[in-house]
Each structure stands twice: as structure tokens, then as C-alpha cells.
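Hi,

Here is the structure I promised to pass on.

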Amino acid sequence: MSKLWDRMLLVPTVVRLASRAPRNPHIAWEQYWTGIQNTGHDGDVLWDSDSPAERRQYTDLVLAHFDPALPVIDVGCGNGTYTRWLATLFPKVIGVDVSAGAIARATREARNTPNCSFTVLDATQEGAGDVLLNKWGPANVFVRGVFHVLKPNKQAAMVENLKTVAGTTGRVFLAETNFPGNSLEYLAELGATSEHVPGQLQRALENLPRPGRFGARERLAVFPETDWCILADGPVNIEVVAMNPAGHPQRVPGYFALVAPAGAAGSAGPIQR
Ligand SMILES: C[S@@+](CC[C@H](N)C(=O)[O-])C[C@H]1O[C@@H](n2cnc3c(N)ncnc32)[C@H](O)[C@@H]1O
């Protein structure tokens with residue numbers, strides 16, 4: 001069967017699975033997280049590859065640009081895999097997520113990591129930035145895989161909050177999937193065929209809002225140059241859990257950016273230690 005034909009045959013399966021997803025994204029995320037049994041590289045969560053190779057792409061960047069005197073806030077932390085990693089690099093890390101189920105799981109998974117804490121928070125809600133600033137003071141922000149699941153107006157609302165949190169000393173690091181093809185090509189790339197959809201992908205399809213891509217163009221639209229200074233950006237590989245029988249790593253083309261609010265102290269480069 002040709003690739004194109006197989007993709008066409010995938011359409012009814014995708015439509016059937018996606019029609020089950022709740023329309024309200026907050027309900028969708030909660031439903032998703034409360035249904036998760038196992039996390040990590042052989043678990044149920046599509047993006048939770050827990051990959052050292054992916055993290056190696058980020059380590060030097062966050063170490064060079066995040067002032068360690070500030071806390072780090074992992075926005076949309078999910079089960080906290082990246083929050084725990086950040087806690088190996090920085091003294092104080094806080095994970096926030098809109099889903100109470102995700103935060104309960106993240107708290108359990110970090111029970112042996114004393115410098116992590118977690119809070120339920122909608123990062124797109126007006127005033128969320130002030131809530132975080134009042135509690136933790138100015139902070140660095142880490143975001144993996146959240147912008148691409150938000151609608152543009154919600155992305156912009158989240159950025160407003162991040163600006164408040166970063167103040168004049170914090171930096172924002174983001175890493176997002178930026179797959180160049182359409183959604184059917186994306187699903188096929190992850191291993192979906194007309195005959196089989198891998199379990200982790202099926203769970204995402206039947207619960208969650210449809211993801212988009214987030215690259216330099218999308219970043220510029222919500223982090224305008226009048227308000228933000230770009231310190232570094234470029235391509236990265238985002239790793240998802242292995243869904244092929246051989247267990248080989250599966251990478252999705254992604255995009256990272258490191259930004260500072262315009263006019264922030266030293267916003268032209270890495271921090272001076
Ligand atoms: C694709 S997952 C990425 C999770 C985590 N950053 C990681 O890389 O493992 C997206 C996460 O964003 C959270 N999320 C979605 N909308 C959010 C919002 N408005 N505020 C805070 N978290 C949100 C979801 O609950 C989910 O845990």
C-alpha cells in the first residue's frame with residue numbers, strides 16, 4: 001500500500017479517536033493525567049521519554065543564562081520529569097500545571113527530591129504571573145511542550161504572565177515541537193498506520209487538544225521584539241517515548257528559544273558569575 005493511501009485510511013481512525021476528546025482543554029488535561037498508570041521512557045505518556053540525549057541539548061544553555069540565585073519555575077510541568085532534572089542543576093525549582101492530577105503525580109515522583117515543589121496553576125489565567133511573583137519573587141522560567149498545545153490567544157496570555165515572573169533578572173527558556181508537515185504526516189511519523197495506532201499516541205488523541213507547531217515564527221508572534229530580547233534560538237530534537245517494536249528513540253523536530261524581557265539587566269548575553 002502506498003504511504004499516501006495509508007495516510008488517507010488513517011483519517012477515519014483519527015477522527016473517531018479525536019471526537020472523544022473533551023472540548024474544554026482543562027477538563028481534557030485532567031482526564032488525561034488521571035488515566036495515566038506509568039510514566040517514564042516505557043510508560044503511557046507520549047512526550048515523557050526522560051531522555052538524557054534531549055536534556056544534553058538544554059543543559060549548557062540554562063546553566064549559561066539562568067541566574068542560580070533565582071528559583072526556576074517549570075511551567076506546564078506534567079509529571080515533573082524536567083522539574084526533577086532542573087533540581088539537579090539549580091537550588092530551588094517549582095513545577096506548576098493546570099492539572100491537579102499531574103501535580104499529584106509530580107509530587108509523588110519527586111518525593112526524594114527536596115528542592116522541588118509543585119502547585120496547580122493555569123499559567124494562561126490573568127494574574128497568574130502576580131501569584132507566582134508574590135510567592136517566589138523573580139524567577140527563571142522553563143517551558144517544554146506547552147506553547148504548542150495552546151491556542152495563540154492563550155499563548156499570548158501565558159507570555160504576559162511569564163514577563164511578570166521574569167521581572168528584570170529572570171530568563172525564559174522554551175523547547176517545543178515544530179514538525180514541518182501536517183497532522184496526518186506527524187501521526188504517521190510517530191508510527192500510526194491505518195491498522196495500528198501506538199497506545200501512547202491513541203491516549204493523547206482521544207483526550208487532548210490537537211497540537212500545533214511552534215517555531216521561530218510562532219515565537220516571534222507572542223514574544224515581540226519590542227518586549228523581548230532573544231538570547232539564543234534554533235533547532236532541537238524533542239524525544240517522545242519509543243513506540244516502535246525495536247525500542248529505538250523517536251525524535252520530533254523541535255525549536256528552542258532563550259529570551260529575556262527587553263531592558264532586563266544584562267539581557268544582551270549570558271549571566272556574569
Ligand atoms: C505536552 S505536556 C508537557 C509536560 C512537561 N512539560 C514535559 O515536557 O514533560 C503539556 C503540559 O502542559 C500542561 N498545561 C496545559 N495547559 C496549561 C495551562 N494553561 N497552564 C499550566 N499548564 C498547562 C498540561 O497539563 C501538560 O502537563
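Before anything else, a word on names: helices (H or I, at least four residues) and strands (E, at least two) are DSSP runs, numbered from the N terminus. Keep in mind that this is a predicted model, where local features need pLDDT of at least 70, side-chain atom pairs count only at pLDDT 80 or more, and totals for chains, interfaces and linings use all residues. Residues are numbered from 1 along each chain as its sequence is written, and side-chain values use heavy atoms, with hydrogens and water left out.

Let's start with Asn140, which sits in strand S4. Is Asn140 buried or exposed? Asn140 has a relative accessible area of 0%, so it is buried. (Buried means under 20% relative accessible area, exposed over 50%, and partly exposed in between, with a 1.4 Å probe and protein chains only.) A polar atom of the Asn140 side chain lies 3.0 Å from the backbone nitrogen of Arg171. That is a polar contact, meaning a pair of N or O atoms within 3.5 Å; within protein, one must be able to donate a hydrogen and the other to accept it, and residues adjacent in sequence count only if both atoms are side-chain atoms. Not counting residues up to four places away in sequence, Asn140 also touches several others, including Phe66, Leu70, Ile73 and Thr169. Contact here means heavy atoms within 4.5 Å.

Next, helix H2, which covers residues 25-34. Which residues of H2 are buried? They are Ala28, Trp29, Tyr32 and Trp33. These four cover an arc of only 120 degrees around the axis, which puts them on the same side of H2. Helix H5 (100-109) and helix H9 (199-205) are among what covers the buried residues of H2. At the N-terminal end, H2 is capped by Asn24, with a side-chain oxygen 2.8 Å from the backbone nitrogen of His26.

Ala106 lies in helix H5, and at 0% relative accessibility it counts as buried. Leaving aside neighbours within four places in sequence, Ala106 is in contact with Gly78, Asn79, Gly80 and Phe118.

Now the aromatic rings. How many aromatic pairs does the structure hold? There are 18. Rings of Phe, Tyr and Trp (its six-membered ring) pair if their centres lie within 6.5 Å; planes under 30 degrees apart count as stacked, over 60 as edge-to-face and the rest as tilted. Tyr82 and Phe142 have ring centres 5.7 Å apart and planes at 15 degrees, so this pair is stacked. The pair links distant parts of the chain, with Tyr82 in helix H4 (residues 81-86) and Phe142 in strand S4 (residues 140-144), 60 residues apart. Both Tyr82 and Phe142 are buried. For Phe179 and Tyr186, the ring centres are 5.2 Å apart and the planes are at 45 degrees, so that pair is tilted. Phe179 is buried at a relative accessible area of 13%, and Tyr186 is buried at 15%. There is also one aromatic cluster formed by Tyr58, Tyr82, Trp85, Phe142, Phe173 and Phe256.

Thr81 is in helix H4 too, and with 7% relative accessibility it counts as buried. Not counting residues up to four places away in sequence, Thr81 touches Asp48, Asp50 and Arg55. Asp50 is in the loop between H2 and helix H3 (52-65), and it is partly exposed, with a relative accessible area of 31%. Its phi is near 50 degrees, a positive value in a residue other than glycine.

Finally, the ligand. Of the 16 residues around the ligand, which come nearest? They are Gly76, Asp97, Asp122, Ala123 and Arg144. (A residue is near a molecule or strand if one of its heavy atoms lies within 4 Å of it.) A nitrogen atom of the ligand is 2.7 Å from a backbone N or O atom of Gly76. Trp33 has a side-chain N or O atom 3.1 Å from an oxygen atom of the ligand.

Happy exploring!

Note on methods: The arc is that of the directions from the helix axis to the C-beta atoms.
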